[in-house]
Amino acid sequence: MKQLAYYPGCTLYTKSRNLDLCARETAKILGIELKELETWNCCGAIYSTVQDDLANQVAPIRNLIEAQKISNNGESAKLVTLCAACYNVLKRSNRNLFLPENVIYRKRIMNYLETDYDGKTETVHYLEVLKNDVGFNNLKSRVKNSLNGMKIASYYGCLMLRPSDELNFDDPENPMIMDDMFLALGAEPVNYAFKAECCGGYLLVNKPDAAIKCTLIILENIIAAGAECVATTCPLCQYNLDKFQIQTAKFQIPIFYFTQLLGLSLGVDEKILNLENHYVDPKPLLKEKGLLK
Amino acid sequence: MRSKPKRIGVFVCHCGINIAGTVNVPEVVKRLKETTDVIEVIDHQYCCSDPGQNLIKETIKQKNLDSVVVACCSPTLHENTFRKAVASVGVNPYNCEIANIREQCSWVTEDKEKATEKAVRIIKTIIKKVEYDEPLTPISIPVTRKAMVIGAGVAGIQAALDIANAGYPVILLDKNPSIGGHMSQLSETFPTLDCSQCILTPKMVEAKQHPNITLLTYAEVEEISGYIGNFKVKVRQKAKYVDWDKCTGCDICVGKCPKKAKDEFNQGLSERKAIYKMFPQAVPNRVVIHRENCLYFQKGACRLCEKNCPFGAVKFDDQDQFIEFDVGAIVLATGYELLDKKMLGSYGFGKLKNVIDGLQFERILSASGPFMGEVRRPSDGKVPERIVFVQCAGSRDPENAMAYCSKICCMYTAKQAILYKHRVHNGEAIIFYIDVRTGGKGFEEFYKRATDEGVLYIRGKVSKIFEKGDKVIVWGADTLTGKKVEVEADMVVLATAMVPSVTKEFAQMLKITQDEYGWFTEAHPKLRPVETLAGGFFLAGACQGPKDIPDAVAQSSGAASKVIALFASDMLEHLPVIADVNEDLCSGCAVCIDVCPYKARELVIAEDGKKRKVKVIEVLCEGCGACSAACPVGAAQQKNFKDEQIQEMVKAGLE
Amino acid sequence: MADFEPKIIGFICKWCTSAGADLAGTSRMTYPPNMIPITVFCSSRIDPQYILWAFKNGADGVFVSGCHPNDCHYQDGNYKTMKRIPILKNLLKDLGVESERLRLEWISASEADKFKKTITEFTETIKKLGPLYIKK
């Protein structure tokens, strides 16, 4: 079985356990072992609140160094992540650290690290693994329960896409990777205008009104486009979209992690899918679609 | 290696006090006489005056001189004067050289002694130059006095008419079945609100009927070879599947054709048939069959057009044909397209039905357009009550699209808003703009008219456009109030950036340089705006950069006048100060071929069939001398700038 | 050394630098008279050997100038010069000639002031370096 270094990140160990477990389980079905780093720390996203950005940089680089301890059949290390924020921080830190103009800065950061580092760990998103390592055609042939034309709005948010010249993940205006995956799983991807718009993010802490406005306009657009449910890659997006529609009593649309729907179609056990962990109960929809008994 | 010593005369000009004020001219004459072996050194108050020129001519005759140095002002001023003068008494003009002792000596030096010293040195270098100068004759190239104009929009038509009216034959080529270009798609033109078709069609007909113009429509250039005055062109005449000699343009076939396809002329807003005429006023007034749309070609059955044609003009076995001809000059009038809306992600990728571009709205406004001139929106044919116009959609946007200003959008957006309000009286027109640029005759007044007629201008960029129900929501910023703006519109018109219509491959085939966006580069941005650096190619209209109609027409007439000037003589003169190859030294290494910017050097097998040698294609060489510097064995030499010549000049300057 | 008058050869292109030098004259700017200009059609005509030849024949400094990059009258001649001159500069060091004795500048037809300043500065530089002695 192919082995890839895996960085879950803090939220996936707590609030978003289903995002994490479904990814590990589906990868296993597809012949890939997501091997968690032996030790890891915060990706660095949270440290951006500290005064200097030392910890902000040291933290992600430590994780990238750790990834090189996991064998990747002689190729340079790939580190798989799921959380959009982790993906953003790990990938950009590595890039910034090795920009030619940052030589002195790099030396300073390296002073705080135990091991030397060559910058060769590549941060990839699990969606990229599915597309490039597994292949969507191959994925199609592994489907046990087709998603039966379920109308899914893939919601990407901002962190995976921007700044696009640094992340180079997908078209920042019209990302398609998740849509293409759902197409392979038998679903009907829904096109809408707010795929890449901000969900309000951490504004929910100090300006909840602004955050609520952001999420509602996205959901309104999604529902108008005829979607039956939403899929996200980011714990914070999932939380904002799911929570605020209940709080404002405006909408009732299930918000999934994409790994849950992937797990469902590949026949992952319902316990692992953990469909209880939602504000809007997704089970009626899944039952209606014949995906749950 | 001079065969026999030259008989050189040196004439030192006082230029009043301009030279003599700082340079001690008599001293210069004395020192030149003492230290060089020239035949004669004479000074004169004003060498360029008639008496001065006569002195030079007389001295040449008396002393039997074969070479002349005039020490005076910059060669840019009087080199021609003196070369003509010496030529009139039988001296080869290329054996007359100027020593610049005014601009580069007397005027820039205060110390008289030093100025005199410098003048002597400068003159000595030029004496060495003429010692080694060869007599040269301008290279004569015959000119094919026939032009080709590529692209038959208003620019191409104008250029073709001007050249044809001067009496020279012109081939006017267009890739579409009809001439007319984008101007034939426009409704009315700013700032006069003239009907575009009404002013263009007479010109189209004139071009068609002109005895000197041959129209070649539905055709594309495959290959161009040769050089100024002598181009060989190969054109692909696309299969029309209709015999245009028999077709009368009666349109009976169009009525019978059962297959519909998107109408390109209406920018995809309506449908045409598989056999179609581009538009009612098409010139030539003929139909073509679009192979990919045609039922017979795709499914093998139908042929209704053939059965119904009263003239037997339909010709299903028609094939692409190649036509070859010679021309002496080529006018590029390939024009522009609009930026593909797919490039504008935040404006809906061109997927939103009621978000259209400027040309689409022109078609909607046009009486022959998809709604017969009534302003209706594409999705459901409803009359839009509020239209948002977005200027700079892809222009002035270096991050996402084009950095340049497309120049015409401010005006045509104002025009479209005015026309919309004329047709839909209670309609609301809102224009988002970065700046309104009204540089042009009557433009500012026209913009004023738009605001007076109630068009609302909001200064700011639009960030997002999306559908909500049957409305289009526009998010933008009003940068004058600093507030976010949300407008619910029935339709949005994007003033998308103008982009060049030619491909990189096409430009490379012609060897015409393009700027980073693909606009053709003119020979000089200020002083040679219609020429290109490749001789014989001229630029007309928007292929050189965004332009409105009057600018395009003016530039086309400019390009035409250049062609006419070129055709004024049946021979071309080409500067003979060009590269040469010493065949005995040339080893055929071909280093010089890569260095040459004009492809003026080619490798040939020598007569003995073994040795490879480089030959200069004289008419292509512009005389930069890069090959001579690159040649490792000194085989490549520039005439009158030979290695030994320059080395002697250096030595003379240092003595 | 104070009265040392260096000999300088200037290879300048006809279209830009020579025109810039003419403008300096028309504008009556003054600069040291040590540089003797040799005008060629394009800076790419300047064979590096000429520069060595100039040094060998008594030049204390050599000045090379053409159109600004992208403005070459012959499309890209100055890019060739841009590559050739630095290589030659490196070689000069091996020959015992200070590389400062060779100077390359881009001067356009409108940059009379730059021409004046460059020639003044370069003449000063050569004066400070003193005469060039080459073992014959």
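**Figure 1. Pairing of strands β6 and β7 of chain B in the predicted model.** In this predicted model, β6 (residues 147-150) and β7 (residues 170-173) of chain B run in the parallel sense and are joined over four bridges. Within this pairing, Ile150(B) has Leu173(B) of β7(B) opposite it. Helix α6 (residues 154-165) of chain B packs on the sheet and touches β6, β7, β10 and β18 (329-332) of chain B. The direction of α6 makes about 170° with that of β7(B).

**Figure 2. The five-stranded sheet of chain B.** The sheet is open, and its strands follow the order β10-β7-β6-β18-β29 (chain B) with parallel pairing. At the edges stand β10 (213-216) and β29 of chain B; each has a single partner strand, so one side of each is left without a neighbour in the sheet. From one strand to the next, the twist averages 20°.

**Figure 3. Gly545(B) in a loop of chain B.** The loop that holds Gly545(B) lies between β29 (537-539) and α15 (549-567) of chain B. Is Gly545(B) buried or exposed? Gly545(B) is buried, because 23 other C-beta atoms lie within 10 Å and 20 or more count as buried. Ala636(B) is 91 residues from Gly545(B) along the chain, and the C-alpha atoms of the two are separated by 39 Å.

**Figure 4. The largest nonpolar core and Val492(B).** This core has 219 residues, and the members that touch the most others are Val149(B), Ala160(B), Leu172(B), Val331(B) and Val492(B). The element that gives the most to the core is α12(B), with nine residues. Another core, of 108 residues, lies apart from it and has among its members Val91(B), Ile101(B), Phe11(C) and Phe122(C). Leaving aside residues up to four places away in sequence, Val492(B) touches Asn354(B), Val355(B), Val388(B), Val390(B), Ile465(B), Val472(B) and Val474(B). In soluble globular proteins, nonpolar side chains tend to be buried together.

**Figure 5. His422(B) in helix α12 of chain B.** Helix α12 spans residues 409-423 of chain B and includes His422(B). His422(B) is partly exposed, with 14 other C-beta atoms within 10 Å. Between His422(B) and Glu453(B) there are 9.3 Å in space, C-alpha to C-alpha, while in sequence the two are 31 residues apart.

**Figure 6. Chain C as a whole.** Four helices and four strands make up the secondary structure of chain C. Along the sequence they follow the pattern β-α-β-α-β-α-β-α. The radius of gyration of chain C is 14 Å, close to the 14 Å that the globule rule gives for 136 residues, so chain C is as compact as a globular protein of that length. Taken along the principal axes, the box filled by its C-alpha atoms is roughly 40 × 30 × 15 Å. Of the 136 residues of chain C, 55% count as buried. Among contacts in chain C between residues at least 6 apart in sequence, those joining residues at least 24 apart come to 79%.

**Figure 7. Helix α2 of chain C and its cover.** The buried residues in α2(C) include Tyr50(C), Ile51(C), Trp53(C), Ala54(C) and Phe55(C). Which elements are part of what covers the buried residues of α2(C)? The cover includes α18 (643-654) of chain B, and from chain C it includes β1 (8-13), β3 (61-66), α3 and β4 (102-106). Just after the helix, Gly58(C) takes a positive phi of about 110°.

**Figure 8. Contacts between the chains.** Two pairs of chains are in contact, and chains B and C share the most contacts. In that pair, 33 residues of chain C are in contact with 35 residues of chain B. On the side of chain C, the elements that give two or more residues are α1 (17-26), β2 (35-40), α2 (48-56) and α3 (77-94). The largest share of this side is five residues, from α1(C). By class, the side of chain C that touches chain B has 18 nonpolar, eight polar and seven charged residues. Where chain A meets chain B, six residues from chain A and six residues from chain B take part. The residues on the side of chain A divide into two nonpolar, two polar and two charged. Chain A and chain C do not touch, and their nearest C-alpha atoms are 24 Å apart.

Technical notes
Residues are numbered from 1 along each chain as its sequence is written. Chains are lettered from A and ligands numbered from 1 in the order in which they are written. This is a predicted model: local features need pLDDT of at least 70, side-chain atom pairs count only at pLDDT 80 or more; totals for chains, interfaces and linings use all residues. Two residues are in contact if their C-beta atoms, placed from the backbone, lie within 7 Å. Ala, Val, Leu, Ile, Met, Phe, Trp, Tyr, Cys and Pro count as nonpolar, Asp, Glu, Lys and Arg as charged, and the others, Gly among them, as polar. A residue is buried if 20 or more other C-beta atoms lie within 10 Å of its own, exposed if 12 or fewer, and partly exposed in between; C-beta atoms are placed from the backbone. A nonpolar core is a set of buried Ala, Val, Leu, Ile, Met, Phe, Trp, Tyr and Cys residues joined through C-beta atoms within 7 Å. The radius of gyration is taken over C-alpha atoms; the globule rule is 2.2 Å times the number of residues to the power 0.38. Two strands pair if DSSP finds at least two bridges between them. Axes are lines fitted to C-alpha atoms, for helices over the stretch in contact, and angles run from 0 to 180 degrees between N-to-C directions.
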